[in-house]
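Q: I am new to this structure. Please show me how to read its features.

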Amino acid sequence: MSRATLQAFLTTARNALKAPPAQRPKPLTFVVGNESADLDSLCCAIVYAYIRSHTAPHALHIPLSNLPRADLGLRPEMTAVLQHAGLGPRDLLTLSELPDLPPEETRWLLVDHNCLTGPLKKFKDQVVGCVDHHVDEDALPAHISPRVIEPCGSCMSLVVDECQSAWESLLQGQGKATDMSPSEQDRLVKLALAPILLDTINLTAESKVRPKDTQAVRFLEAQVRHAGFGTSGYYEQISAVKEDISTLSFRDIFRKDYKQWEEGGLTLGVSCVVQGFEYLLQKAKTKDVFLKELAAWTYERALDVVAVMTTSHLGGRFHRQLLVWGMTDRGKEAVNRFRDLGQPLGLEQWEDGGLDGHGGNTRFVWRQADLTASRKQVAPLLREALKRK
């Protein structure tokens, strides 16, 4: 495949997906991130698919955003990053554009997760590769290639590491008519830099940053052709957009960065929110309004247990908070089990129990002393609590 602009590449991918069944490439190869469809997942899918598609012997890889098109509006930070790449939300392919494909006519490479869930679960036996920084769920066979599952601040850092030699080979061919221009190269670099900088707080989150994060940023910085570009200014711009949730409804706040699991016959949903409960209560005006909004979300998703994880920077310091609420009898039992399993997180009662449940409800809200534990670490503990009897 001759090298194309990012926009032209995504148009080619869209056309392949829209082609009549008889004219589609077989199998169609997809690169897809996890169902929370955060910036890391969305950018990893595009960058990895682009590089794989332009590196022999690979054929076209289609980057798929793991969310309905209507939900792209909940991710203003992605829109901001896409603008730096000369793209817009209209250029992305989402679940809304995915036709009903026979699983055997597809191949899947996973980024930022290692187990297909939700509407894509039917394709789980067609996974041929994975690059991820979450806990290995042992859902993928050992023989797939690549099979990179290791801790890292950002999955994009692992994608850059996996693709670095291929990326360098693309750079070495510059000057041909089919090559990327320097400005197009900058766009690809900015697409890759954004999630690493956000996930590692511009490489300052010592508990999260791994050597491959630092190496990836240094490699990408060296590729930038635009004079005056700085990672700190870029980080501040994207971070400010991500943390502004003032225009979102509570339903949209809860589903913006959301993951769901089935364990032991129970359903768990975990929402990550970029503001603390202080902000959320102020937005709701009253505690009862906030809890009513959260309960409505759990009923919509038919959850046995709901969790809300918050991050904030009150007083210039980084904070984590955690709410866990059992919505059914078995869900309440699981929450009580989690109170023991979750102790390594350093859970401390929040605001004298102001949001804790009373009168039979099992709802707890904590300050989380272990600031290193994100959803990657907390969700497995919650899932374990669901599985145990």
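Q: Which residue in strand 3 is the bridge partner of Thr29?
A: Two strands pair if DSSP finds at least two bridges between them. Helices (H or I, at least four residues) and strands (E, at least two) are DSSP runs, numbered from the N terminus. Here the partner of Thr29 in strand 3 is Arg107. The model is predicted: local features need pLDDT of at least 70, side-chain atom pairs count only at pLDDT 80 or more, and totals for chains, interfaces and linings use all residues. Residues are numbered from 1 along each chain as its sequence is written, and side-chain values use heavy atoms, with hydrogens and water left out.

Q: How many bridges join strand 1 to strand 3, and how many to strand 2?
A: Five bridges join strand 1 to strand 3 (residues 106-111), and these strands run parallel. Four bridges join strand 1 to strand 2, again in parallel. In strand 2, Thr29 has His61 as its bridge partner.

Q: Which way do the side chains of strand 1 point?
A: In a regular strand the side chains alternate between the two faces of the sheet. In strand 1, Leu28, Phe30 and Val32 point one way, while Thr29 and Val31 point the other way. Buried means under 20% relative accessible area, exposed over 50%, and partly exposed in between (1.4 Å probe, protein chains only). Five of the five residues of strand 1 (residues 28-32) are buried, so the strand is largely enclosed by the rest of the structure.

Q: Is Gln260 buried or exposed?
A: Gln260 has 17% relative accessibility and therefore counts as buried. This residue lies in strand 6 (residues 258-263).

Q: What does Gln260 touch?
A: Contact means heavy atoms within 4.5 Å. Leaving aside neighbours within four places in sequence, Gln260 is in contact with Glu35, Thr267, Leu268, Gly269, Arg301 and Leu303. A polar contact is a pair of N or O atoms within 3.5 Å; within protein, one must be able to donate a hydrogen and the other to accept it, and residues adjacent in sequence count only if both atoms are side-chain atoms. One of 3.1 Å joins the side chains of Gln260 and Arg301.

Q: Which residues of helix 11 are buried?
A: In helix 11, the buried residues are Gly331, Ala334, Val335, Arg337, Phe338 and Leu341. They cover an arc of only 165 degrees around the axis (taken from the directions from the helix axis to the C-beta atoms), which puts them on the same side of helix 11. The face turned away from that buried side carries the exposed residues Asp329 and Asp340. Among the elements that cover the buried residues of helix 11 are strand 7 (266-273) and helix 12 (375-387).

Q: How many salt bridges does the structure hold?
A: A salt bridge is a side-chain nitrogen of Lys or Arg within 4 Å of a carboxyl oxygen of Asp or Glu. The structure holds 17 of them. In one, the closest N and O atoms of Asp71 and Arg255 are 2.4 Å apart. Asp71 lies in the loop between strand 2 (61-64) and helix 3 (76-84) and Arg255 in helix 8 (residues 250-256), so the pair ties together parts that are 184 residues apart in sequence.

Q: What separates Asp252 from Arg255 in helix 8?
A: Asp252 and Arg255 are three residues apart, about one turn of the helix. Their side chains meet in a salt bridge (2.8 Å, N to O), and both residues are buried.
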